[in-house]
Amino acid sequence: MITTPYEKHIAKNRIKLGSAYVTWREKQCIEGYAQGKTRQQIASELRISERTIDKLMMDARIRVEANNLYHLVAMAVRTEVESYEIGMFDIARRDDRTRAG
């Protein structure tokens, strides 16, 4: 049961991928790779270093037991992590609601 503000923050900012969870920032990096962006492009957009991206991806890969970066991205695409939280489908749904309303 979630009781403390910290536990609420953690629960809100983690995303299920396979049998484990990735952080919001890890998810943003995975989404960038899924969209075909380079590490340099992702770093620039998120305003973090390329080494930070490497660390985030390594942590996520180990946690979800992916064999490599490509496997991690494939898992994310397969489970539609990148489309439901901050991805294009969510944006498209919001656009549809504003056009309908």
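Me: Which residue of β2 is the bridge partner of Lys16?
Reply: The partner of Lys16 in β2 is Tyr21. Please note that this is a predicted model.

Me: How many bridges join β1 to β2, and do they run parallel or antiparallel?
Reply: Strand β1, residues 14-17, is joined to strand β2, residues 20-23, by 4 bridges. The two strands run antiparallel.

Me: What lies between β1 and β2?
Reply: The two strands form a hairpin, with 2 residues between them. Gly18 lies in the turn and has a positive phi of about 70 degrees.

Me: Which residues of β1 are on the covered face, and which on the uncovered one?
Reply: Ile15 and Leu17 make up the covered face of β1, whereas Arg14 and Lys16 make up the uncovered one. In a regular strand, side chains alternate between the two faces of the sheet.

Me: Stepping back, how many helices and strands does the protein have?
Reply: There are 7 helices and 2 strands. Along the sequence, the pattern reads α-β-β-α-α-α-α-α-α.

Me: What percentage of the residues is buried?
Reply: Of the 101 residues in the protein, 31% are buried.

Me: And α2, why is it described as largely enclosed?
Reply: Helix α2 is largely enclosed by the rest of the structure because 8 of its 11 residues are buried. The buried residues are Glu26, Lys27, Gln28, Cys29, Ile30, Glu31, Gly32 and Tyr33.

Me: Glu26, then: why does it count as buried?
Reply: Its relative accessibility is 2%, and the cut-off for buried is under 20%, so Glu26 counts as buried. Glu26 belongs to helix α2, which covers residues 24-34.

Me: Which residues is Glu26 in contact with, leaving aside neighbours within four places in sequence?
Reply: Glu26 is in contact with Leu56, Met57, Asp59, Ala60 and Arg63.

Me: How far apart in space are Glu26 and Arg14?
Reply: Their C-alpha atoms are 9.2 Å apart, and the two residues are 12 apart in sequence.

Me: What follows α2?
Reply: Gly36 follows α2, and its phi is positive, near 85 degrees.

Me: On to helix packing. At what angle do the axes of α2 and α3 cross?
Reply: Two packed helices are described by the angle between their axes and the distance between the axes. For α2 and helix α3, residues 39-46, the axes cross at roughly 135 degrees and come within 9 Å. The two helices are therefore oblique to each other. Their crossing is right-handed.

Me: Which residues of α2 and α3 meet?
Reply: From α2, Arg25, Gln28, Cys29, Gly32 and Tyr33 take part; they meet Arg39, Ile42 and Leu46 of α3. By class, this contact has 4 nonpolar, 2 polar and 2 charged residues.

Me: What about α3 and α4, at what angle do they pack?
Reply: Helix α4 spans residues 50-64, and it packs with α3 at an angle of about 105 degrees, the axes being 9 Å apart. Angles of 65 to 115 degrees count as roughly perpendicular, so α3 is roughly perpendicular to α4.

Me: Which residues make that contact between α3 and α4?
Reply: On α3 they are Arg39, Gln40, Ile42 and Ala43, and on α4 they are Glu50, Ile53 and Asp54. The contact of α3 with α4 divides into 3 nonpolar, 1 polar and 3 charged residues.

Key. Residues are numbered from 1 along each chain as its sequence is written. This is a predicted model: local features need pLDDT of at least 70, side-chain atom pairs count only at pLDDT 80 or more; totals for chains, interfaces and linings use all residues. Side-chain values use heavy atoms; hydrogens and water are left out. Buried means under 20% relative accessible area, exposed over 50%, partly exposed in between (1.4 Å probe, protein chains only). Contact means heavy atoms within 4.5 Å. Axes are lines fitted to C-alpha atoms, for helices over the stretch in contact, and angles run from 0 to 180 degrees between N-to-C directions. Angles under 35 degrees count as roughly parallel, over 145 as roughly antiparallel, 65 to 115 as roughly perpendicular and the rest as oblique. A crossing is left-handed if the near helix is turned anticlockwise from the far one by less than a right angle, and right-handed if clockwise. Ala, Val, Leu, Ile, Met, Phe, Trp, Tyr, Cys and Pro count as nonpolar, Asp, Glu, Lys and Arg as charged, and the others, Gly among them, as polar. Two strands pair if DSSP finds at least two bridges between them.
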